Amino acid sequence: MKNAFLRPIRLLGVLLAVAAAPAFLAAMPARAQAEQLQGGTLRVAVLADMTNFDPMQFSTVNFPLIKNLYDSLIEYTPEGEAVASLATAWTVADDNMSVSVTLRDDVKFHSGAALTSADVAATLAKAADPEKGKNVYATMAIVKDWVTPDDRTVVINFKAPTPDRQMLDLLQFVMPIEAAGIDTVETVPAGTGPYTFDSRAVGQSIVLKANADYWREGEPTIGELRFTIFSDDASASAALESGGMDMVYGGTARSAVRLKDAGYQLIRGPGPLVQVFRINATQAPFDNAKFRQAFNYLLDREGILRVGYAGLGQPVALPWAPAGPAFDSSYTENYAFNLDKARELIAESGLSQAEMEDWKLLVYSTDAASVTISQIVQAALADLDVNIELDLREGSEYVEAQLSGDYKATFGGVGNIQKFPSRVATNSIYRTANNPVLKDPHPFPDYVAAIERVNTTLGSVEEVKAAYDNLNKVLVESSFAIPTNSYDIGLIVASPKLSGFTLDIDNLLVARTIGFKE
Amino acid sequence: MNRALNSTYWLLSGLMSRVASAAALFFLLTLVSAALLVDVLPIDPFAQRLVDALKGPSATNWFGTDELGRDIFARVVYGARTSLSTAGAAVIIAAALGIPIGLVAGFFGGWRDTVLMRFIDVLLALPAILFAMALIAVLGRSQMAAVIAVGITGIPNFARITRARVLSLRKRDFVTAVEAFGGSSGYNMFRTILPNSWSPILVQVVVLCSVAILLEAALAFLGVGVAPPTPSWGEMLRTGKSYLYEAPYYAVLPGVVLTFTILSFDVIGRALATLLEDRHDASGAEIERTTP
């Protein structure tokens with residue numbers, strides 16, 4: 001009787017074990033799986049052509065290439081932990097005034113030349129040049145100078161005691177360029193990365209080949225990396241579904257969700273952007289604080305996230321990713337969509353109807369999400385009897401207006417939101433100096449002081465938190481930039497036959513570990 | 001006046017006597033009525049309901065909803081106003097400039113003809129869509145810019161057709177008779193020749209309406225039409241194509257309405273051409289309208 005009772009249970013146990021096997025295998029360490037991956041040609045669909053090979057130009061169109069042609073001094077894990085890359089060690093001085101970086105001794109550039117401290121020094125010099133430093137320039141603001149005691153060591157000195165995390169952010173942002181290739185790096189890549197440049201058909205394709213002398217053992221897995229440029233997201237998705245592509249990188253959230261439902265792999269990186277409603281607070285009617293603050297409440301963050309980004313992200317009222325050290329969820333709750341509150345603040349602004357409507361919302365018409373979410377704002381304003389028009393501009397026309405500050409308000413994503421809080425000041429609207437929108441002197445000295453306080457607070461956890469809290473409070477009160485939601489950039493939608501993905505902290509494409517399953 | 005009413009009645013009767021043209025006329029009249037009355041109809045093309053985004057066709061939303069939860073049927077109806085008004089205004093501009101050019105070129109001939117027709121050749125050499133986009137880039141994105149752009153691209157059609165008609169009438173007896181009686185060139189062009197040239201021009205008006213609607217939709221599809229949230233068929237197609245997998249009705253239904261509208265104009269244009277040709281053949285010429 002007992003055996004008769006147990007038999008079906010044993011059978012059930014065997015069935016469960018068989019059923020659970022795939023899940024168990026999937027949970028095996030990545031390294032074990034990686035060993036079974038096969039090489040070949042990886043066909044990647046991207047939605048825009050690259051602009052150049054300079055790793056300091058962090059334009060999203062260059063995201064597919066940068067980490068495949070170059071390596072950083074250090075890397076972050078998806079959890080934000082610093083790990084060695086070209087640097088084997090980094091030692092912070094007791095007074096936090098310098099960091100000593102030790103380089104690997106087995107790294108070669110694509111030209112065959114060995115990586116030395118002179119190359120890192122040349123890269124730092126480029127980064128510190130206001131003309132050549134591009135996106136890294138702002139990060140170099142904390143650096144005083146650097147020295148190279150020997151071929152393997154670089155010591156970076158800072159202008160003031162600098163928090164460890166800020167130093168690590170700098171090391172992670174620096175990708176050494178061969179000194180001899182600095183001047184031509186825009187047209188000829190000069191990195192140490194896992195792939196070397198092979199060919200390019202402008203507007204059509206880019207081909208990279210595996211770097212035979214790559215310093216990471218057993219990498220890259222894939223022998224050839226072939227990027228094909230598609231004019232729109234739907235075509236790229238169709239190519240993936242037809243088997244013509246193995247992966248879509250940087251597609252829209254909506255397509256990614258649909259393809260995931262169809263059985264494709266959706267890989268989301270740890271480095272989202274935050275969508276920010278940027279306001280030119282130096283111009284009427286936005287020079288009125290109450291009018292600006294009303295936008296904290298009239299932006300339907302949940303709706304914007306759902307409609308514009310297929311729900312992939314989180315509503316936020318501060319320019320930090322939820323994993324960022326200064327993130328505070330209470331702000332999202334306190335500044336939830338509330339048209340009555342917005343109406344009250346608009347009434348308190350004292351502006352006339354004509355003054356409130358004397359502006360246009362600049363829209364990047366090439367980006368469907370921007371067009372959609374701008375209409376949500378337009379409709380919310382119309383509910384408050386404030387009728388405005390959208391000013392749609394294409395490509396370079398929009399970028400020029402945005403970077404030169406020639407707008408009253410516009411949406412735009414900001415990055416570096418998961419790193420040290422003051423890194424937010426690398427984004428144009430958040431710059432504390434040379435701000436193209438708010439100009440100099442910065443019209444919000446409290447904000448400049450709050451950033452400075454974050455940069456210089458090296459005390460206890462409580463002191464650091466107080467500095468972050470102060471920055472958050474100032475950001476919301478000044479309201480020159482109002483975040484709405486985090487969203488994914490560099491989304492990867494891949495064929496089920498691919499595996500071995502390495503997530504980059506900035507969501508750049510890292511192809512060196514990707515391979516085909518057997 | 002009676003003659004005009006009689007002609008209109010005759011044309012309408014002729015159109016209604018054919019099944020295809022009667023159906024096309026009925027469709028267009030319905031569309032025009034809806035476009036005119038959209039403000040008083042119980043539909044709102046601008047009202048957003050984000051929670052109802054991309055819902056399929058239903059009793060509440062006949063054509064479904066778009067990505068912002070707006071009623072696509074309401075937007076198609078309002079889009080008819082955008083498309084028809086753009087097309088109508090563009091045809092007026094094209095006719096107002098093209099007809100006088102064709103009249104002068106055909107009537108006087110010589111250097112005037114050469115200069116004017118080379119100018120028309122230049123306009124013809126420019127691809128309409130490219131020219132319209134360049135013009136909008138200069139004028140900025142607005143419905144007025146689209147009207148001007150589409151209107152200018154329509155000038156050559158009117159100019160060439162009018163010129164051809166004038167050339168065929170220029171040496172006719174009733175024209176020389178007016179000259180012999182001392183009628184001025186202006187009088188002869190506008191009071192003698194032009195009234196006898198309406199038939200092909202009328203057909204051209206109808207044909208150009210469909211071309212203008214298509215061009216306006218194409219401009220909107222390329223992202224240089226009227227700015228959102230103003231509904232436009234081309235803009236709906238442009239946005240809807242991004243949702244072809246999730247909501248195929250979003251692009252398909254406005255596309256169907258656009259197709260039927262253009263088809264209707266073409267059917268009416270062909271019917272008019274046939275009717276007027278038959279009438280022309282029956283009367284030998286339309287010279288009885290001449291008033292020397």
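Residues are numbered from 1 along each chain as its sequence is written, while chains are lettered from A and ligands numbered from 1 in the order in which they are written. Because the model is predicted, local features need pLDDT of at least 70 and side-chain atom pairs count only at pLDDT 80 or more, whereas totals for chains, interfaces and linings use all residues.

The largest nonpolar core comprises 212 residues, among which A:Met247, A:Val493 and B:Ala212 touch the most other members; such a core is a set of buried Ala, Val, Leu, Ile, Met, Phe, Trp, Tyr and Cys residues joined through C-beta atoms within 7 Å, and a residue is buried if 20 or more other C-beta atoms, placed from the backbone, lie within 10 Å of its own. Helix H3 of chain B (residues 72-108) supplies the largest share of this core, 20 residues, helices being DSSP runs (H or I) of at least four residues and strands (E) of at least two, numbered from the N terminus.

Chain A contributes 17 residues and chain B 15 residues to the contact, two residues being in contact if their C-beta atoms, placed from the backbone, lie within 7 Å.

In chain A, six strands form an open sheet of mixed pairing in the order E14-E18-E13-E17-E15-E16, where strands pair if DSSP finds at least two bridges between them. Strands E14 (313-315) and E16 (389-393) of chain A stand at the edges, each with a single partner strand, so one side of each is left without a neighbour in the sheet. E14(A) runs antiparallel to strand E18 (residues 481-487) of chain A, joined by three bridges, and A:Pro315 stands opposite A:Asn485 in E18(A).

Technical notes: A residue is buried if 20 or more other C-beta atoms lie within 10 Å of its own, exposed if 12 or fewer, and partly exposed in between; C-beta atoms are placed from the backbone.
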